[in-house]
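Here is a short briefing for a reader who is new to this structure. Please look over the sequence and the model before reading on.

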Amino acid sequence: MSHSPTPHTTDQQLVAQVLGGNTASFGQLVRRTEGLVTQLVFKMIRHPADRPDVAQEVYLKVFKNLAGFKFQAKFSTWVGQVAYNTCLHYLEKKQLVLVDLSEPPPDDPSEEGRRAPPTLVAGPDYDPETALFDQDLASILSAAIEQLPPLYRTLIALYHQQELSYEEIAQITSLPDGTVKNYLFRARKLLKQRLLATHQRDDL
Amino acid sequence: MTLHLSDADLQLAADAAPLPAAAVAHLHDCRRCQARLAAYQQLFAATAHLPQPAFEFDLAAAVLAQLPRSKPAFPWVLGLVAVLVLGVVGAFVVLFGGMLGPVFQGLQTGLGAGLAVVAGFVVAGQALELLARHRRQIRLLTFS
């Protein structure tokens, strides 16, 4: 009987194939989840040179513990959990801080928008489709996100880019739902205030 | 004095989450809150459209290259050992078979059968333990 993975093969079938000795099916599982893992690794690990090793370590751990995974959660959520914990372990080893709670409060909102250009967004006629091609906006926003603490960067990426629910993010990070919402709120507020502190927008 | 919406309310609204009726009514009439909401909406939309990070190498291929190769269920080394053991036992029986008969004549048949079964279990258990240990070591070496 052929066990070649197809796009329609479920995660559960692929896992069964891998456990049956078909390691090639593991490649399919990697491809299905590498977007999430890459996102987590890029957001949590600041040193680019360390990212490839961490990402590979994630999947080797997944492979090693595959027999213990009983589909209590989505496969991708479990892989995300392994990735998050692996990155956390890396940060602990390097004694890096996930979120600096002693960080000074953002600038006074009354000072928002009074500094020099360039303008952050085009104004009331802003069109997200157009923004897709706006490299300036993308690079300004990316740079601002990079300046956030790792946990804030990660939550923004998981919620807005990976489009995960609060519950899925809570499972990945082992944080309570309420804490995820709270940190995400703070992260977005901080991001907006920092952007406004350095880039003008007339209607704010 | 007009109470404007909090950042928490604005983020909820930008996320298309339901707001209290009073907040919705205020938002409908307040240009300042509308503008602040627009800023969050633009921020969320722009964030969602940021390019996804990607490695410059094939992650799946790199991972697959590090996985242990699937081994045959019965490794050829074990097969060779089994053939050798059978050969030695066979040679022993051929050479000394004639002397074994009188040795076993004194034993009762039931006791002999029992001993043989126990010995079989012990040997099988040892063999399985040996195989499991070998696999554990290979796995440790592969992932070390």
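This is a predicted model: local features need pLDDT of at least 70, side-chain atom pairs count only at pLDDT 80 or more; totals for chains, interfaces and linings use all residues.

Residues are numbered from 1 along each chain as its sequence is written, while chains are lettered from A and ligands numbered from 1 in the order in which they are written.

**The two chains**

- Chain A has nine helices and zero strands. Helices (H or I, at least four residues) and strands (E, at least two) are DSSP runs, numbered from the N terminus.
- Chain B has six helices and zero strands.
- Of the 204 residues in chain A, 34% are buried. In chain B, with 144 residues, the buried share is 10%.
- A residue is buried if 20 or more other C-beta atoms lie within 10 Å of its own, exposed if 12 or fewer, and partly exposed in between; C-beta atoms are placed from the backbone.
- In chain A, 70% of the contacts between residues at least 6 apart in sequence join residues at least 24 apart. Two residues are in contact if their C-beta atoms, placed from the backbone, lie within 7 Å.

**The core**

- The largest nonpolar core holds 52 residues. Such a core is a set of buried Ala, Val, Leu, Ile, Met, Phe, Trp, Tyr and Cys residues joined through C-beta atoms within 7 Å.
- Val41(A), Ala83(A) and Leu155(A) have the most contacts inside this core.
- Helix 2 of chain A (residues 24-44) gives the largest share of the core, nine residues.
- Beyond its neighbours within four places in sequence, Leu155(A) touches Ile169(A), Val180(A), Tyr183(A), Leu184(A) and Ala187(A).

**Helix 2 and helix 4 of chain A**

- The axes of helix 2 and helix 4 (residues 75-93) of chain A come within 9 Å and cross at roughly 20 degrees. Axes are lines fitted to C-alpha atoms, for helices over the stretch in contact, and angles run from 0 to 180 degrees between N-to-C directions.
- Helix 2 and helix 4 of chain A are therefore roughly parallel. Angles under 35 degrees count as roughly parallel, over 145 as roughly antiparallel, 65 to 115 as roughly perpendicular and the rest as oblique.
- The residues that meet include Val41(A) from helix 2 of chain A and Ala83(A) from helix 4 of chain A.

**Helix 2 and helix 7 of chain A**

- Helix 2 and helix 7 (residues 150-161) of chain A have axes that come within 8 Å and cross at roughly 155 degrees. That makes the two helices roughly antiparallel.
- Helix 2 of chain A brings Gln39(A), Leu40(A), Lys43(A) and Met44(A) to this contact. Helix 7 of chain A brings Pro150(A), Arg153(A), Thr154(A), Ala157(A) and Gln161(A).

**Leu19(A)**

- Leu19(A) lies in helix 1 (residues 11-19) of chain A.
- Leu19(A) counts as partly exposed because it has 13 C-beta neighbours inside 10 Å.
- Leaving aside neighbours within four places in sequence, Leu19(A) is in contact with Leu66(A) and Ala67(A).
- Leu19(A) and Ala67(A) are 48 residues apart along the chain, yet their C-alpha atoms are separated by 6.8 Å.

**Where the chains meet**

- The contact takes 39 residues from chain A and 32 residues from chain B.
- Helix 3 of chain B gives the largest share of the chain B side, 12 residues.
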